[in-house]
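I opened this notebook to record what I looked up about aromatic ring pairs. The entries follow the order in which I consulted the structure.

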Amino acid sequence: LWEIGGWYCSHNGVLGEYDRGYGYCDSLEFFRSLSESIASEDWGAVAESLRSIEWGYGVFLMSKKSEPKAVVASIGKETCVSAKRGALAVSSDKWAGFRPLTNQGSIWGAIGGGSILDRLVVLNLRGQEVEYSASLSKSARFR
């Protein structure tokens, strides 16, 4: 994980336009390009940057260093969000023994079906609520 603007950031996938060759990390370059938006929690700007990626896919996960908040985003890859005994699990596969958050009778149902696809969601883990949600769909993303 990289610390960017008070958030721990990670990405599992590929961001073609941020790949600058051997020795560089496309994901780190992407997060660095958004450091001001991440620090100010300008999720609209982050969503717009994700939407504008010409070629890329994967799961983005950010957790706030000082508060129980998480950002989960997915481009072209379904992301399952589950919980068990207070632990949050974000995975591209369904984990045995973990229940999708939507089955727990709380406001988490706003993420829909326990999975996220082509969407950015900001989760308040203490209040168990969705603080922000935006579509990342873009027609002809992979053409």
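This is a predicted model: local features need pLDDT of at least 70, side-chain atom pairs count only at pLDDT 80 or more; totals for chains, interfaces and linings use all residues.

Entry 1. I then asked how many aromatic pairs the count comes to. The count comes to six aromatic pairs.

Entry 2. I looked up the pair formed by W7 and W43, which is edge-to-face. Its rings are 5.2 Å apart, centre to centre, with 85° between the planes. The angle is over 60 degrees, so the pair falls in the edge-to-face class. I next located the two residues: W7 lies in strand β2 (residues 7-15) and W43 in helix α3 (residues 43-51). These parts are 36 residues apart in sequence, so the pair ties them together across that separation.

Entry 3. Are W7 and W43 buried or exposed? I found W7 buried, at a relative accessible area of 0%. W43 is buried as well, with a value of 6%.

Entry 4. I turned to F30 and F60, whose ring centres are 5.6 Å apart. Their planes stand at 55°, so I recorded this pair as tilted. F30 belongs to helix α1 (residues 26-33) and F60 to strand β3 (residues 56-64). The pair therefore links distant parts of the chain, 30 residues apart.

Entry 5. I checked burial for this pair also. F30 is buried, with a relative accessible area of 2%. F60 counts as buried at 4% relative accessibility, because buried means under 20%.

Note on methods:
Residues are numbered from 1 along each chain as its sequence is written. Side-chain values use heavy atoms; hydrogens and water are left out. Rings of Phe, Tyr and Trp (its six-membered ring) pair if their centres lie within 6.5 Å; planes under 30 degrees apart count as stacked, over 60 as edge-to-face and the rest as tilted. Helices (H or I, at least four residues) and strands (E, at least two) are DSSP runs, numbered from the N terminus. Buried means under 20% relative accessible area, exposed over 50%, partly exposed in between (1.4 Å probe, protein chains only).
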